[in-house]
Amino acid sequence: PPERWSQERFYDPDPEVPGRLYTRRGGFLQASLEAFDPEFFGISPREAAIMDPQQRLLLEVTQEALDDAGHAGRVDGRAVGVYVGGFTADNMAARHNEATRRAISMHTPTSSSYTMLSNRLSFAFDLRGPSMTLDTACSSSLVALHQAVAALQRDEIEMALVGGVNAMLRPETFISMCKGHFLAPDGRCKTFDKAADGYARGEGAAMLVLRPLQAALADGDRIYAVVRATGCNQDGRTPGITVPSEQAQAELIAQVTARAGLAPAEIGYVEAHGTGTSVGDPIEMAAIGRMLGAVEGRQVPLRVGSIKSSIGHTEAAAGVASVIKAALTLHHRTVAPQAGLNELNPAIPFEDYRLQVPRQAEPFPV
C-alpha cells in the first residue's frame, strides 16, 4: 500500500543492490491499521495514536474471540493466561531513533515492546493469569499454544488466550529478508509448487480461547476442536541456522502423535508450515510422509495443506492462523483446496509419501 512506503524509492529487482527490496508485494491487510476505537478499550486517543498497531490488532481480535466464545465481559479478575507470539518490532524502531527522539512522550515506553503485546491484553481485560510474549520466529504462536496448554494441564489457569500478530510498517524488515534471499520475488507463497522460490510476508492477527474440555462442555461452549497434545523442540545444528531438520521434525511428530494416543494412520489431515521455499517444503514433507503418510494401516492418502498460499506467511501469527484453519477443517468436516497450486514440486515424492494436496474442496477423510 502506498501509505506504508514508496515502491519507487525502495524497489529494485537486483537482490544485491544495497538498501533495496526485490519484491513489490506482500499479504497486507486491506483495512487501515489506524482504524481503531480506543475508548472502547479505555485508551486515550493520544496514547492510541502512537501505540503499536500490533497491540491494537490484538485487542480487537481478543474481543472478537471472547465474543465468539460467549465469554466477553465475564473474564475480568479471573485466572486467564495470555500467551502471544511476537516477532517484528517495526513500531519500536520507528519510535526509538534519532529522528523521532524529540517526539518521545509519556506514552512511548508502553507504545511498543514485545512485553506489551501480551500485557496490554491482561491490563485491558483485567486478566490475572500469566501474561507473556514469546519470540521463536515463525513458530512463536505455536510455542505460545504449547505453553498455554501446559499451564491448563497444570491447573495454573482456568482459561487461556493464545494468539499472534504481525504488522508490516517499515521497508527495512522487507529489505533484511530480501538480503537473506527468503522472499519470493512475485510476493506469493507457492507452497508445494514446482515454482516455489521463497515466501511472501503477510500481516494479520488471530486469537484462540482455550478451556479444559470438561469445563467447556459443562458451560455449553461452542467447541471447534480439541487439542489432544502439543510438543516443542529445536533443530539443533543443521547445514545453516535457518535450515530445518527432517530428523528433528520427525521425532517431534512421533512424540506428539504418541502423546495424543493416536495411531499415525488415524490422522486424516495435516496443516503444514509450508512456506513455499525450495529447501523447507521438501524437508517438511519428508518428515510428515515418513511419520504419518507412508505408514502401516493407512487406507487413503494423507491430505496436506498450508494456509500461506492464501494469506501469505504471517510470521509470528502463522502458527495460530494454521491452527484456526485446522480447527475449522474439523468443525466443518471439509478440507479446503490448496490456493494457487499449478504443478506439484517434483522434488517432493508425494505418492511415495502417501500424501495428497487437495485441488478442490472435499469431505474430511473418514
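1. The structure, a predicted model, holds 18 salt bridges. One of them joins Asp68 to Arg222, with the closest N and O atoms 2.6 Å apart. This pair links distant parts of the chain: Asp68 belongs to helix H3 (residues 53-69), while Arg222 sits in the loop between helix H8 (213-218) and H9, 154 residues apart. Asp68 has a relative accessible area of 35% and is therefore classed as partly exposed.

2. A further salt bridge is formed by Glu172 and Arg170, whose closest N and O atoms are 3.4 Å apart. Glu172 has a relative accessible area of 40%, so the residue is partly exposed. Arg170 also counts as partly exposed, at 24% relative accessibility.

3. Glu246 forms a salt bridge with Arg290, and here the closest N and O atoms are 3.3 Å apart. Because Glu246 lies in helix H9 and Arg290 in helix H10 (residues 280-293), the pair ties together parts that are 44 residues apart in sequence. Glu246 is partly exposed, at 31% relative accessibility. Arg290 is likewise partly exposed, at 39%.

4. The packing of H9 and H10 deserves a separate comment. Two packed helices are described by the angle between their axes and the distance between the axes. For H9 and H10, the axes come within 9 Å and cross at roughly 40°.

5. Which residues of H9 and H10 meet? On the H9 side they are Glu246, Gln247, Gln249, Ala250, Ile253, Ala254 and Thr257. On the H10 side they are Ile283, Glu284, Ala286, Ala287, Ile288, Arg290, Met291 and Leu292. Sorted by class, this contact has 9 nonpolar, 3 polar and 3 charged residues. Glu246 and Arg290, which take part in the contact, are also the partners of the salt bridge described in point 3.

6. How many of the 14 residues of H10 are buried? The number is 12, so H10 is largely enclosed by the rest of the structure. The buried residues are Gly280, Asp281, Pro282, Ile283, Glu284, Met285, Ala286, Ala287, Ile288, Gly289, Leu292 and Gly293. Arg290, by contrast, is partly exposed. The elements that cover the buried residues of H10 include H9, E5, strand E6 (302-305), helix H13 (350-353) and strand E8 (355-356).

7. Ala265 lies in the loop that runs between helix H9 (246-260) and strand E5 (269-271). At 24% relative accessibility, this residue counts as partly exposed. Apart from neighbours within four places in sequence, Ala265 is in contact with Val295, Glu296, Gly297 and Arg298. Ala265 and Asp281 are 16 residues apart in sequence, and their C-alpha atoms are 22 Å apart in space. Asp281 itself is among the buried residues of H10.

8. Pro15 is located in the loop between helix H1 (7-10) and helix H2 (45-50). With a relative accessible area of 27%, Pro15 is partly exposed. Its contacts, leaving aside neighbours within four places in sequence, are Tyr22, Lys179 and His181. Pro15 and Lys179 are 164 residues apart in sequence, yet 6.6 Å apart in space, C-alpha to C-alpha.

9. Most residues other than glycine have a negative phi. Ala137, although not a glycine, has a positive phi of about 60°. This residue is found in the loop between strand E2 (131-134) and helix H6 (140-153), and Ala137 counts as partly exposed at 29% relative accessibility. Arg354, also a residue other than glycine, has a positive phi near 60°. Arg354 lies in the loop between H13 and E8, and its relative accessibility of 27% makes it partly exposed. H13 and E8 are both among the elements that cover the buried residues of H10.

Terms used
Residues numbered from 1 in each chain as written. Predicted model: local features only at pLDDT ≥ 70, side-chain atom pairs only at ≥ 80, totals over all residues. Heavy atoms only, no water. Helix = DSSP H or I, 4+ residues; strand = E, 2+ residues; numbered from the N terminus. Buried < 20%, exposed > 50% of the residue type's maximum accessible area, 1.4 Å probe, protein only. Contact = heavy atoms within 4.5 Å. Salt bridge = Lys/Arg side-chain N within 4 Å of Asp/Glu carboxyl O. Axes fitted to C-alpha atoms, helices over the stretch in contact; angles between N-to-C directions. Nonpolar A, V, L, I, M, F, W, Y, C, P; charged D, E, K, R; others polar.
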